[in-house]
Structures are given as C-alpha cells and as structure tokens.
Amino acid sequence: MTPDIEQLRHRSALINQGVKFAAILRRFELVGLWNHLVEHNTFTEMCNVAHLRAMVVRACDIIAHDNPTPNMIWCKDLIVACMYHDVGHGGAASPDHENIERAIAAMEDGIEQCGIKLTGVGCDSAEEIIRVTEFPFVREPVTPAQRIIRDADIMMILEPYGVPSIMQNLRLELSEAQDTEIARAEMHQGQLAFMMNIKMYTDYGKELMDKHRFLIPYMLEAYINQDGEDFPDPVSIRSTF
C-alpha cells in the first residue's frame with residue numbers, strides 16, 4: 001500500500017532525526033553506551049527509547065540555537081542525562097522520585113560498564129541534571145544544562161505526532177495503573193491546561209512554544225477524533241547505532 005503524504009512527511013522527519021542522533025553519539029563517543037542502555041534496560045509505553053533519542057537531538061538543537069556559555073564542559077553529561085532520565089521508569093503508578101533514582105542507578109551502571117568519563121561537576125553533573133526532570137516539577141532549573149534538559153523533555157509535544165502519541169501512551173499507562181478504562185475525552189480535559197501553560201526556560205524552547213501553542217488545542221482535538229488505537233511513534237524506536 002502506498003503511504004499518504006502525511007506518512008511520508010513523518011518518515012522524512014524520522015530519517016532526519018536519526019541522522020542527527022547517530023552523529024551526536026559518534027561526536028561524544030557514546031555509541032557503546034547507547035547500545036548498552038537499549039539492551040539492558042526496560043521502558044514503558046510513555047517513557048520509551050523514542051523519547052530518549054529525541055531528547056538528545058532536542059538538547060543539541062537548543063545548544064546550537066542558544067549557545068548558552070562559551071565553555072560547555074557539561075555537554076557530555078547533558079547528553080548522557082537525556083539518554084537515561086526515564087530509564088527504568090515504573091509507569092504511571094510509580095512515584096517519580098523513585099523513577100529518578102532508578103534512572104540514576106542505571107546510568108551509573110552503564111557508564112561504569114562502558115568506561116565512560118564525564119566532566120560535569122556539582123549542579124552540572126549528569127545526576128543533578130537528571131533530577132530536574134522529576135515530575136510534578138519540584139526543582140527549578142538553575143544552570144544552562146538543567147534548563148536545556150527541562151525544555152528538551154517538554155518539547156516532545158512539538159514533534160510530528162507528538163501530542164497524539166503522548167496522549168495515547170499516557171492514557172494506556174493511567175488506565176492500567178487505575179485498573180479502569182480512561183476515555184480520550186478525559187485525557188483532553190486534564191492535559192489541555194497543562195500543555196497551554198507550560199513554562200519554557202531556554203530561548204529556543206520559548207520561541208518554539210510561542211509559535212506552536214495555538215496548535216495544541218487542535219492537536220488534542222485530532223487525537224480525540226482519530227479512529228482506531230494505532231498512533232504513530234513521534235520518532236522511530238527500533239534503531240540503535
């Protein structure tokens with residue numbers, strides 16, 4: 001069956017992101033660590049390999065746009081934090097402070113097994129960068145690296161098919177955690193206000209959100225009205241490099 005134009009645009013976006021991601025891994029010598037991450041850890045519908053991979057690319061896009069500081073010795077720590085921040089996530093039923101500790105433990109094991117050397121210190125260590133992603137948000141990002149990971153995490157909703165994919169995966173997790181079927185309309189009511197009022201911390205994140213915000217209600221409406229349960233992933237989750 002010949003794909004329609006929207007499917008082709010989606011595939012093109014995935015190819016572009018995949019090329020960027022592979023280049024980032026090679027640049028920071030993290031190919032082995034990424035493969036170890038994928039092979040030795042578990043993921044959920046919501047917090048999957050697709051999200052981690054996209055986070056890395058978004059973080060580098062923010063750096064390229066904002067050029068936050070002339071001496072960014074924390075870049076590798078930031079990339080590793082993006083890779084691991086949701087690893088071992090327990091789903092909607094798991095308190096996020098526990099998810100954060102599992103992610104940090106998995107990261108520490110991975111960098112030890114793969115012999116990775118990180119240079120970030122204090123608030124710019126990979127561990128502290130990960131901690132700012134705890135949700136509901138309990139930490140205000142105070143360094144460039146922390147602001148970048150917070151925005152890169154949120155920017156998932158701006159990916160092609162990001163909103164419907166996130167809404168569907170979150171609905172499945174919540175339904176399982178609460179042992180009851182949650183309707184799409186309920187998800188719409190709960191998420192619209194959150195998405196419309198998200199605070200961004202980087203110049204790139206603010207500009208993107210300002211230009212996309214008016215689309216969010218339409219994206220949510222399209223999710224409610226789409227037939228079936230098959231929603232494309234916002235990025236390909238199958239490939240390792």
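Contact means heavy atoms within 4.5 Å. Helices (H or I, at least four residues) and strands (E, at least two) are DSSP runs, numbered from the N terminus. This is a predicted model: local features need pLDDT of at least 70, side-chain atom pairs count only at pLDDT 80 or more, and totals for chains, interfaces and linings use all residues. Residues are numbered from 1 along each chain as its sequence is written, and side-chain values use heavy atoms, with hydrogens and water left out.

View 1. Helix α7 spans residues 144-154. Of its 11 residues, 10 are buried (under 20% relative accessible area, against over 50% for exposed and in between for partly exposed; 1.4 Å probe, protein chains only). The helix is therefore largely enclosed by the rest of the structure. Among the buried residues are Pro-144, Ile-148, Arg-150 and Asp-153. The buried residues of α7 pack against α3 (49-66), α4 (75-84), α6 (126-131), α9 (184-196) and α10 (203-212).

**View 2. The cis bond at Pro-136.** Pro-136 sits in the loop between α6 and α7. The peptide bond from Phe-135 to Pro-136 is cis, with omega near 0°.

**View 3. Glu-29 in its loop.** Glu-29 lies in the loop between α1 (5-27) and α2 (31-40). Its phi is near 55°, a positive value in a residue other than glycine. Most residues other than glycine have a negative phi, and most peptide bonds are trans. Glu-29 is exposed, with a relative accessible area of 63%.

**View 4. His-36 and its contacts.** His-36 belongs to helix α2. At 13% relative accessibility, His-36 is buried. Leaving aside neighbours within four places in sequence, His-36 contacts Asn-41, Tyr-84, Asp-109, Gly-110, Gln-113 and Cys-114. His-36 and Gly-110 are 74 residues apart along the chain, yet their C-alpha atoms are separated by 6.8 Å.
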